[in-house]
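The following paragraphs lead through a single protein chain, from its overall surface to its individual residues. Please keep the sequence and the structure in view while reading.

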Amino acid sequence: MARLLPMDHYQIIKNLHVTCVVLSISGFVLRGVWVLRGSPWTGHRLTRVLPHFVDTTLLASAVTLLYLSSYRPTGSDWLTFKLLGVLLYIVLGVVALRAGRTQRQQASAFIAALLVFTYVVGVALTGQRWPLG
């Protein structure tokens with residue numbers, strides 16, 4: 001039986017992480033559209049439970065990748081900026097899907113969350129704090 005090398009573990013976890021990113025943003029876009037349209041699907045049990053499973057797996061894979069790469073934050077590196085972007089995305093997502101008091105607030109937060117998500121992906125793909133500049 002072939003033995004997995006540490007780099008093999010890293011690639012497996014990275015693939016899981018990227019898959020969860022795709023599932024997470026797809027679910028966010030779908031739920032955002034449903035919220036803005038007033039769809040009853042937003043209250044469905046699967047709609048409320050599945051995102052927690054996907055996002056928990058996403059977070060666990062991120063932490064595992066940090067561990068496997070022996071990452072140590074410096075405060076000015078690209079990964080710190082990615083983390084800050086993820087936190088902002090989460091806050092905007094909460095406003096877009098739940099906390100927004102008006103449809104306009106929800107729509108604005110939804111669009112802002114998608115823009116922040118685009119930034120986070122850009123940082124992840126380029127390894128640069130400012131991937132567009």
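The accessible surface of the protein chain amounts to about 9,400 Å², and carbon and sulfur atoms contribute 68% of this area. The model is a predicted one. Along its principal axes, the C-alpha trace of the protein chain extends over about 50 × 40 × 20 Å. The chain comprises 133 residues, of which 29% count as buried.

The secondary structure consists of 4 helices and 0 strands, and the pattern read along the sequence is α-α-α-α.

Beyond its neighbours within four places in sequence, F28 is in contact with Y89, G93, A96, L97, F110, A113 and L114. F28 also belongs to an aromatic cluster, which it forms with Y89, F110 and F117.

The aromatic rings can also be considered in pairs. A pair of aromatic rings is described by the distance of the centres and the angle of the planes. To pair, the ring centres must lie within 6.5 Å, and by this rule there are 6 aromatic pairs. In the pair of F28 and F110, the centres are 5.3 Å apart and the planes stand at 35°; the pair is therefore tilted, since planes under 30 degrees apart count as stacked and those over 60 as edge-to-face. Because F28 lies in helix α1 (residues 6–37) and F110 in helix α4 (residues 103–126), this pair ties together parts that are 82 residues apart in sequence. Both F28 and F110 are buried.

A second aromatic pair joins F81 and W130. Here the arrangement is edge-to-face, with 5.5 Å from centre to centre and 75° between the planes. F81 is part of helix α3 (residues 78–99), whereas W130 is in the segment after α4, so the pair ties together parts that are 49 residues apart in sequence. Is each of these two partners buried or exposed? F81 has a relative accessibility of 19% and therefore counts as buried, the limit being under 20%. W130, at 58% relative accessibility, counts as exposed, because the threshold for that class is over 50%.

The remaining helix to be described is α2. Its 24 residues, at 1.5 Å a residue, should span 34 Å; the end C-alpha atoms are 35 Å apart, which agrees with that expectation. The buried residues of α2 are T47, P51, V54, T57, L58, S61 and L65.

A polar atom of the T57 side chain lies 2.9 Å from the backbone oxygen of F53. When residues up to four places away in sequence are not counted, T57 touches L16 and C20. Just after α2, S70 adopts a positive phi of about 55°.

Definitions and conventions: Residues are numbered from 1 along each chain as its sequence is written. This is a predicted model: local features need pLDDT of at least 70, side-chain atom pairs count only at pLDDT 80 or more; totals for chains, interfaces and linings use all residues. Side-chain values use heavy atoms; hydrogens and water are left out. Helices (H or I, at least four residues) and strands (E, at least two) are DSSP runs, numbered from the N terminus. Buried means under 20% relative accessible area, exposed over 50%, partly exposed in between (1.4 Å probe, protein chains only). Accessible areas come from the Shrake-Rupley method with a 1.4 Å probe; for residues, only the protein chains shown count as cover. Contact means heavy atoms within 4.5 Å. A polar contact is a pair of N or O atoms within 3.5 Å; within protein, one must be able to donate a hydrogen and the other to accept it, and residues adjacent in sequence count only if both atoms are side-chain atoms. The expected span of a helix is 1.5 Å times one less than its number of residues.
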